[in-house]
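Please read it with the sequence and the structure side by side.

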Amino acid sequence: MWAPDIYEGSPTPVTTFLSIAPKISISANMSRVSIVASYGGTLQQIFFFCSIASMILGALAAMAQTKVKRTLAHSSIGHVGYIRTGFSCGTIEGIQSLLIGIFIYASMTIDAFAIVPALWQTRVKYIVDLGALAKTNPISAMTFSITMFSYAGIPPLAGFCSKFYLFFAALGCGAYFLAPVGVVTSVIGRWAAGRLP
């Protein structure tokens, strides 16, 4: 619950680091543990629950936000759930989808937070202020829009491929409840992230 406040109050490079580095570190450590030792069904159910809770919390909380950085923070919370979906499977396909998801998420996040300082220079802090960005800086507006559409998982973009691999891995390991919840929260997240472009 501290993430939106940290995202809002920290300088953008710190926010970028805090949005990427912990996810990569936790995913790498948990993947290493799962490769060395297998975990039982109870631990897998806990991972499923944490993944579902993170996806739901991130999607629903992002809907109520009015500031750009706070919306990105709640989107980050939801993406932890998506990435955790790959880890929750406990299969090689799950780990592969996790690695693809982490790489795509890191690329999208670096791109989004590279544009945020330009937004702040033009006094864009709230989502409603983004409407004038296309007139003042069209290249940044187009880049930010494509990045946010990728965050939302619009089909031809990398974010869709990431979520597709993660949900396909979830179905492959028998998590028939996790994948539909991920799709529903992704649709909700499309509305929240879709407000930014």
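Predicted model: local features only at pLDDT ≥ 70, side-chain atom pairs only at ≥ 80, totals over all residues.

Helix α4 provides the largest share of the lining of the largest cavity, contributing 6 residues.

**The largest cavity**

- The largest cavity is lined by 18 residues, and those closest to its centre are A59, S75, H79, Y82 and G189.
- Two or more lining residues come from each of α3, α4, α7, which covers residues 138-152, and α9, which covers residues 178-194.
- By residue class, the lining of the largest cavity consists of 8 nonpolar, 8 polar and 2 charged residues.

**The second largest cavity**

- The second largest cavity holds about 50 Å³ of space, and its lining is made up of H79, Y82, I83, G101, Y105, M108, G159, S162, K163 and L166.
- The elements that supply two or more residues to this lining are α4, α5, which spans residues 92-121, and α8.
- Helix α8 supplies the largest share of the lining of the second largest cavity, with 4 residues.
- Sorted by class, the lining of the second largest cavity has 5 nonpolar residues, 4 polar residues and 1 charged residue.

**The largest pocket**

- The largest pocket has a volume of about 500 Å³, and it is lined by 20 residues, of which P22, K23, I26, V80 and R84 lie nearest its centre.
- Two or more residues of that lining are given by each of α1 (3-9), α2 (12-36), α3 (41-63) and α4 (68-89).
- Helix α4 gives the most to the lining of the largest pocket, namely 7 residues.
- The lining of the largest pocket divides into 16 nonpolar residues, 2 polar residues and 2 charged residues.

**Helix α8 and the residue that follows**

- Helix α8 runs over residues 158-172, and its 15 residues reach 21 Å from the first C-alpha to the last, which is close to the 21 Å expected at 1.5 Å a residue.
- Within α8, the residues G159, S162, K163, L166, F167, A169 and A170 are buried.
- Seen down the axis of α8, these buried residues fall within an arc of 155°, so they line one face of the helix.
- On the face of α8 turned away from the buried side are the exposed residues F168 and G172.
- Several of the buried residues of α8, including G159, S162, K163 and L166, also take part in lining the second largest cavity.
- Just after α8, the residue G174 takes a positive phi of about 90°.

**S27 and its contacts**

- S27 has its place in helix α2, and because its relative accessibility is 11%, under the 20% cut-off, S27 counts as buried.
- Not counting residues up to four places away in sequence, S27 touches I83, L98 and I102.
- One of these contacts, I83, is also among the residues that line the second largest cavity.

Key
Residues numbered from 1 in each chain as written. Heavy atoms only, no water. 1 Å grid on protein atoms, 1.4 Å probe; cavity = no way out; pocket = protein on both sides within 12 Å on 5 of 7 lines; lining within 4 Å. Points joined across faces, edges and corners; volume = space filled by probe spheres on them. Nonpolar A, V, L, I, M, F, W, Y, C, P; charged D, E, K, R; others polar. Expected span 1.5 Å × (residues − 1). Buried < 20%, exposed > 50% of the residue type's maximum accessible area, 1.4 Å probe, protein only. Arc of directions from axis to C-beta. Contact = heavy atoms within 4.5 Å.
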